[in-house]
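Welcome! Please take a look at the model below, and then read on for a short tour of its helices, strands and charged pairs.

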Amino acid sequence: MKTTASPKTPLPVPSDDALEERSRRARTEPMSVLALGEGLYEVESASDHTYLVDLEGGRCTCPDHVFRGVRCKHVRRVAIEINEGRTPPPGERAVDCHDCDETVFVDENATGPVYCDRHAIRSGDTVVDRETGDRLTVVDVSDLRADAVRIQATGESVADYATNENYAPDVPVVGAVYPHATVAPNGVVPESLRVYVFPRTRLEKRVLGWNRPATA
């Protein structure tokens with residue numbers, strides 16, 4: 001299961017909170033937490049030892065829990081990181097946004113590319129075609145895969161279309177139109193309203209304040 005560990009660092013201690021010793025050490029010692037799925041977490045301690053935590057069972061493989069039977073600092077650290085949004089809760093995993101380094105929590109069984117709120121696209125959003133630099137307006141975001149949707153004009157799948165060869169065939173498809181319709185004396189030319197279908201990963205959301213570099 002592809003996932004991302006939290007940075008190995010100490011956490012701040014609330015100034016007005018009288019913590020007991022293990023809770024204080026759970027915060028002040030640099031640790032890294034990695035969600036493994038099914039409620040299990042791998043914790044790398046300050047001493048570079050790695051322990052397995054079963055959060056829902058309140059268990060840990062460290063000596064403090066195994067031999068003393070206490071709620072150790074590693075179990076506490078996992079709970080703290082979940083509460084503070086640094087580590088995904090049971091049933092979720094942490095992955096990087098496809099278009100930036102921001103960490104996103106998703107269902108641990110989720111597939112396909114993941115996007116943060118800033119780069120997620122919805123109907124009406126402006127996007128850029130990574131191949132041509134053209135701007136388009138999104139009209140539909142589908143759950144259908146690029147290798148399962150056929151292009152009416154050619155009969156081949158979106159994944160098999162020549163200019164899509166650099167994009168994974170199992171990603172969702174997005175329908176988009178070019179924003180500047182051609183207008184004739186008797187109205188809008190129907191062909192200019194044609195919806196084009198792209199693999200999701202080919203389209204990049206145009207974020208406010210972001211200027212795409214000029215292409216040769």
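A crossing of two helices is called left-handed if the near helix is turned anticlockwise from the far one by less than a right angle, and right-handed if clockwise. H1 passes H3 in a right-handed crossing. The contact (heavy atoms within 4.5 Å) involves Arg-22, Ser-23, Arg-25, Ala-26 and Arg-27 of H1, together with Lys-73, Arg-76, Arg-77 and Ile-80 of H3.

This is a predicted model, in which local features need pLDDT of at least 70 and side-chain atom pairs count only at pLDDT 80 or more, while totals for chains, interfaces and linings use all residues. Residues are numbered from 1 along each chain as its sequence is written, and side-chain values use heavy atoms, with hydrogens and water left out.

Helices (H or I, at least four residues) and strands (E, at least two) are DSSP runs, numbered from the N terminus. Here are some of them:

| Element | Residues |
|---|---|
| Helix H1 | 21–28 |
| Helix H3 | 73–83 |
| Strand E1 | 32–37 |
| Strand E2 | 40–44 |
| Strand E4 | 59–60 |

Now for the sheet: four strands form an open, antiparallel arrangement in the order E1-E2-E3-E4, where strands pair if DSSP finds at least two bridges between them. E1 and E4 stand at the edges with a single partner strand each, so one side of each has no neighbour in the sheet. Five bridges join E1 to E2, and Gly-37 has Leu-40 of E2 as its bridge partner.

Finally, Lys-8 and Glu-44 meet through their side chains in a salt bridge (3.0 Å, N to O). This pair links the segment before H1 with strand E2, 36 residues apart. A salt bridge here is a side-chain nitrogen of Lys or Arg within 4 Å of a carboxyl oxygen of Asp or Glu, and the count comes to 16.

Conventions. Axes are lines fitted to C-alpha atoms, for helices over the stretch in contact, and angles run from 0 to 180 degrees between N-to-C directions.
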